[in-house]
Amino acid sequence: MSLLIFAFCLTVTVTAHSDSNYYGTTKPANMKQEKVTRLRFYLHDIISGKNPSAVRIAHANLTGSVDSAVGFGSLFAMDDPLTVGPVKDSKEIGNGRGMYVSGSKDISKFTIVMYADLAFTTGKFNGSSISVFSRNPVAEEAGEREIGIVGGRGAFRMAKGFVKIKTHQIDMKTGDAVLRYDATVYHY
């Protein structure tokens, strides 16, 4: 009987030990050759009207007028269409979903910090996306500004790179904007 109890305890101990490993064996990654893809599309960030693509979901009560379209401390959720051209009726190729926060008190240095998943819903990259998480210095418009690509999925799994953003059109009263995105994506 004591041998049976010993065997049972040994089995429980061995089983408990094997369940405590939360990791597998580390081995070299057999990565394919890195590729670079360049993409150009337009993001339509519409805050005004009856059917906005971005909405303010939080606003700091102490840092500015509630009437301000993009006041300091405002947090927005976005579901912005991505199109092949700058006009509203251009062919839609995907959507930019995520959040951004107004991160500057001085409107002349207007900056947002954004996280967005830029997903493609048609064409060669249908089902793929690139993820950006970066500071976006909107007021530094002298030419283009740059945000970082931190990941992706589908064809852009393990992506890194950058997006050059140029404002095509902006309405400072409403906050509505059409932005040209020129993405350089490194992926496998």
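Accessible areas here come from the Shrake-Rupley method with a 1.4 Å probe, and for residues only the protein chains shown count as cover. On that basis the protein chain exposes about 11800 Å², and carbon and sulfur atoms supply 58% of this area. The structure is a predicted model, in which local features need pLDDT of at least 70 and side-chain atom pairs count only at pLDDT 80 or more, while totals for chains, interfaces and linings use all residues. Residues are numbered from 1 along each chain as its sequence is written, and side-chain values use heavy atoms, with hydrogens and water left out.

**Overall fold**

- The protein chain has one helix and nine strands; helices (H or I, at least four residues) and strands (E, at least two) are DSSP runs, numbered from the N terminus.
- Along the sequence, the pattern reads α-β-β-β-β-β-β-β-β-β.
- Of the 188 residues, 37% count as buried; buried means under 20% relative accessible area, exposed over 50%, and partly exposed in between (1.4 Å probe, protein chains only).
- Among contacts (heavy atoms within 4.5 Å) with a separation of 6 or more, 49% come from residues 24 or more positions apart.

**The nonpolar core**

- A nonpolar core is a set of buried Ala, Val, Leu, Ile, Met, Phe, Trp, Tyr and Cys residues joined through side-chain atoms within 4.5 Å.
- The largest one has 31 residues, and Leu-118 and Tyr-181 have the most contacts inside it.
- Elements giving two or more residues to this core include strand 1 (35-45), strand 5 (112-120) and strand 9 (177-187).

**Aromatic rings**

- The whole structure holds six aromatic pairs, where rings of Phe, Tyr and Trp (its six-membered ring) pair if their centres lie within 6.5 Å; planes under 30 degrees apart count as stacked, over 60 as edge-to-face and the rest as tilted.
- One of them is the edge-to-face pair of Phe-41 and Phe-120, 5.6 Å centre to centre with 80° between the planes.
- This pair links distant parts of the chain, with Phe-41 in strand 1 and Phe-120 in strand 5, 79 residues apart.

- Strand 7 and strand 8 run antiparallel and are joined by five bridges; two strands pair if DSSP finds at least two bridges between them.
- Ile-147 stands opposite Val-163 in strand 8.
- The hairpin of strand 7 and strand 8 has six residues between the strands, and Gly-154 there takes a positive phi near 65°.
- Strand 8 is also antiparallel to strand 9, with 10 bridges joining them, and Lys-166 has Arg-180 in strand 9 as its bridge partner.
- Six residues lie between strand 8 and strand 9 in their hairpin, where Gly-175 in the turn has a positive phi of about 90°.

**Two loop residues**

- Ser-128 lies in the loop between strand 5 and strand 6, and it counts as buried because its relative accessibility is 4%.
- A polar atom of the Ser-128 side chain lies 2.8 Å from the backbone nitrogen of Ala-155.
- Val-84 lies in the loop between strand 3 and strand 4 and is partly exposed, with a relative accessible area of 47%.
- Leaving aside neighbours within four places in sequence, Val-84 is in contact with Tyr-42, Ser-90, Lys-91 and Ile-93.

Key
A polar contact is a pair of N or O atoms within 3.5 Å; within protein, one must be able to donate a hydrogen and the other to accept it, and residues adjacent in sequence count only if both atoms are side-chain atoms.
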